[in-house]
Amino acid sequence: MAPPNAPPGPHFVLWPRIPQFHVCLNGQRTGAARPSGKDGLPTLPSRRDYHADNLLSLSVEEAFASSLPPPSSVDLRGTRLHPLRHKVKPVKIGFIALSGVRCRNEKLMELGLTLPGFVQRSKVIASLPSLGLLTLAGLTPEDWEATYIEVADIQDLQSLPGSFDLVAISSFSAQIKEAYKLADLYRASGVKVALGGLHVTACPQEALQHADTIVIGEGEPVWPELLSDLERNRLKPVYNAKGRSFDLAEAPMPRFDLLDIQRYNRLTVQTQRGCPYACEFCAASIRLDSKYKKKPVHKVVAELNAIKKLWPKPFIEFADDNTFANKKNGRALVKALIPLELQWFTETDISVANDAELLKLMKESGCAQILIGLESPKKSALDGVEQKANWKFNQVDCYIDAIRRIQDAGITVNGCFVLGLDNADITSFEGVWDFVQRSGLYEVQITVMTAFPATPLYDRLLRENRILKSEAWELCTLFDINYLPKQMTVDELNNGLLDLTQKIYSDNAVNKRIRQFFKRKKELAAMHERSRPFNLKSSSSKP
Ligand code: B12
Ligand code: SF4
């Protein structure tokens, strides 16, 4: 809670998270006492009831100076990267992810807390680790000391976690201001800071103000060079991987072993990057590298096997933009998954419904659910959303049938709708609600159209003078409105979101969707039973 007259907190966490520590250092809770923690780390006065801005208003030097080693006191030789190997001390790298979900929309947050369907979904997603950082840790020399840390809320930080030579902080737009604050604190305490990820790639000049070095684009092509320069104390301000598209056949094994595995209800694995489509609002990995590329199936299997050593029957979320964009690769992938006995979830597009064999293999290999960006049930609203071939516009007439085919294969569909598209007016909310009920969708996700920096949508809205507040990246949560809608007011869009949220996530609606799915499953099983040849039926019914 912020003290009186303080500005609003850096973010609100929308849903209660599954029990988790605010700061997790290799799964251990960090100590926090003043003047110095048990571990000798610098600490700040307890500020559980204070805002993070107050944390900055303290003299950072005063608070942190004594106990973190200045970079010059750390001998950076003796690493695998250095040609003249002379081992003294391992270099210590802290990989820091700002975890959890973000939302500033207070009304939605209040509502979310009372809606079981909402709370349930948030529990599932809020605890995923940062695969980007685990991947870079996998590219870090083995004899360096790598630590993975999650910070859920910098307001709760009472000391800077760990004692490092360099911290690598990842970035999404919604949490970037928190990332900058954390980066500033580390730098003030003498620790070098590297920033990278989607937001830094979108806004490199801004990020440079808060880092010793930034990475633009994919991390892998430049991370070894960055570490080598760190070792020689010659860090460059910018490492630009754009134009150096990383071949996923060379992908390092992510360091899943750095995680305290019990904390997670799912882990992520990436099978590909990019997407063959080009939606105007897309802010996913096509913004790191525009090329669509696949990781060889044997590498995906190796990653899954590494996870299985730590967690024998894991639940996997594929951190792909569109796993089954390429059906041939998709079939090879799911065939290879069958012996692994996983349960998994992924994001893909509606065309998966056209491949009955693929659907069958997906089910066999443990697919629990696929998330599909339907965006809108109304054809005119989808016009121009996908910019290469107006693909989504051309698919919408098949949505109902496609959802039925996928769900009939035993795979639940989580249909996602974007509210506030330029070609959607205030009747569109009712249209979504009507479609949700007619379609039999098992699960639904609604978000508002969001102008993420460096997307074609952002650039267009900026030109049209429709970005509400410049650099208000904290609104890039998918639940907050950062632009002027075309066919409604901001309030109408927000009310539409709130109203639909209430309807879609009410107990009744959630249970009805689940019941519908299982009722249909039972009907299909009965139909299947009836259609079997008599002799098979009778022999199978005998003990
Ligand atoms: C898994 C996931 C999550 C997980 C885990 C997040 C995490 N800590 O990584 C959870 C559920 C927690 C989550 C939460 C959110 N997410 Co999310 N999430 C994803 C998802 C599905 C996959 C991300 C992933 O693992 N990619 C694979 C890794 C390998 O790529 P990467 O992280 O980009 O890392 C590479 C580079 O960026 C770079 N890199 C990354 N960090 C760093 C750091 C340094 C120092 C360096 C050098 C390089 C570097 O190197 C890596 C290797 O090349 C994507 C959608 C998608 N399909 O991509 C959305 C996505 C990333 N999420 C998104 C959003 C909006 C959110 C939330 C804001 C939602 C909310 N309202 O709360 C929160 C914010 C999280 C937070 N606390 O910051 C947006 C982000 C858009 C943007 N440009 O900001 C995406 C793209 C989805 C979308 N609809 O657009 N998310
Ligand atoms: S289909 Fe999805 S992943 Fe592909 S470009 Fe569109 S929004 Fe991005």
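## Report on the predicted model

Ala454 counts as partly exposed because 16 other C-beta atoms lie within 10 Å. This residue belongs to the loop between strand 16 (443-448) and helix 17. Although Ala454 is not a glycine, its phi is positive, at about 65°. The structure described here is a predicted model.

Glu471 is another residue that has a positive phi although it is not a glycine, with a value of about 60°. Its loop runs between helix 17 and helix 18 (490-504). With 13 other C-beta atoms within 10 Å, Glu471 is partly exposed.

| Residue | Phi |
|---|---|
| Ala454 | about 65° |
| Glu471 | about 60° |

Helix 17 covers residues 456-463 and contains Tyr458. Tyr458 counts as buried because it has 22 C-beta neighbours inside 10 Å; the cut-off for a buried residue is 20 or more. Leaving aside residues up to four places away in sequence, Tyr458 touches Ala451, Phe452 and Pro453. Between Tyr458 and Glu280 there are 8.7 Å in space, C-alpha to C-alpha, although the two are 178 residues apart in sequence.

The protein as a whole has 543 residues, of which 46% count as buried. Its secondary structure consists of 20 helices and 16 strands. Among contacts with a separation of 6 or more, 77% are between residues 24 or more positions apart.

The largest nonpolar core has 134 residues, and Phe95, Ala168 and Leu195 touch the most other members. Helix 6 (residues 176-188) gives the most to this core, namely seven residues. The core lies between domain 1 (23-43 + 60-240) and domain 2 (266-505), because both give residues to it. Not counting residues up to four places away in sequence, Phe95 touches Leu133, Leu136, Ala137, Ala146, Thr147, Tyr148, Ile149 and Ala168.

Ligand 1 has 48 residues around it, and Val101, Gly132, Ser170, Gly196 and Gly219 come nearest. By class, this shell is made up of 26 nonpolar, 16 polar and six charged residues. At least two shell residues come from each of strand 3 (92-98), helix 5 (131-138), strand 5 (166-171), strand 6 (192-197) and helix 7 (198-202). Helix 5 gives the most, with five residues. Because domain 1 (23-43 + 60-240) and domain 2 (266-505) both give residues to the shell around ligand 1, this ligand lies between them.

Around ligand 2 are the residues Cys275, Tyr277, Ala278, Cys279, Cys282, Ala284, Ile286, Asp321, Asn322, Asp349 and Gly373. The shell around ligand 2 divides into seven nonpolar, two polar and two charged residues.

The last topic is confidence. The average pLDDT of the protein is 84, and 79% of the residues score at least 70. Over residues 1-87 the pLDDT is below 50, and this stretch has 174 contacts in the model beyond near neighbours in sequence. Residues 538-543 also have a pLDDT below 50, and beyond near neighbours in sequence this stretch has zero contacts in the model. Where pLDDT is low, the predicted coordinates should not be read in detail.

How values were computed
Residues are numbered from 1 along each chain as its sequence is written. Chains are lettered from A and ligands numbered from 1 in the order in which they are written. This is a predicted model: local features need pLDDT of at least 70, side-chain atom pairs count only at pLDDT 80 or more; totals for chains, interfaces and linings use all residues. A residue is near a molecule or strand if its C-beta atom, placed from the backbone, lies within 6 Å of it. Helices (H or I, at least four residues) and strands (E, at least two) are DSSP runs, numbered from the N terminus. Ala, Val, Leu, Ile, Met, Phe, Trp, Tyr, Cys and Pro count as nonpolar, Asp, Glu, Lys and Arg as charged, and the others, Gly among them, as polar. Domain bounds come from an automatic or database domain assignment. A residue is buried if 20 or more other C-beta atoms lie within 10 Å of its own, exposed if 12 or fewer, and partly exposed in between; C-beta atoms are placed from the backbone. Two residues are in contact if their C-beta atoms, placed from the backbone, lie within 7 Å. A nonpolar core is a set of buried Ala, Val, Leu, Ile, Met, Phe, Trp, Tyr and Cys residues joined through C-beta atoms within 7 Å. pLDDT is the predictor's confidence in each residue, from 0 to 100.
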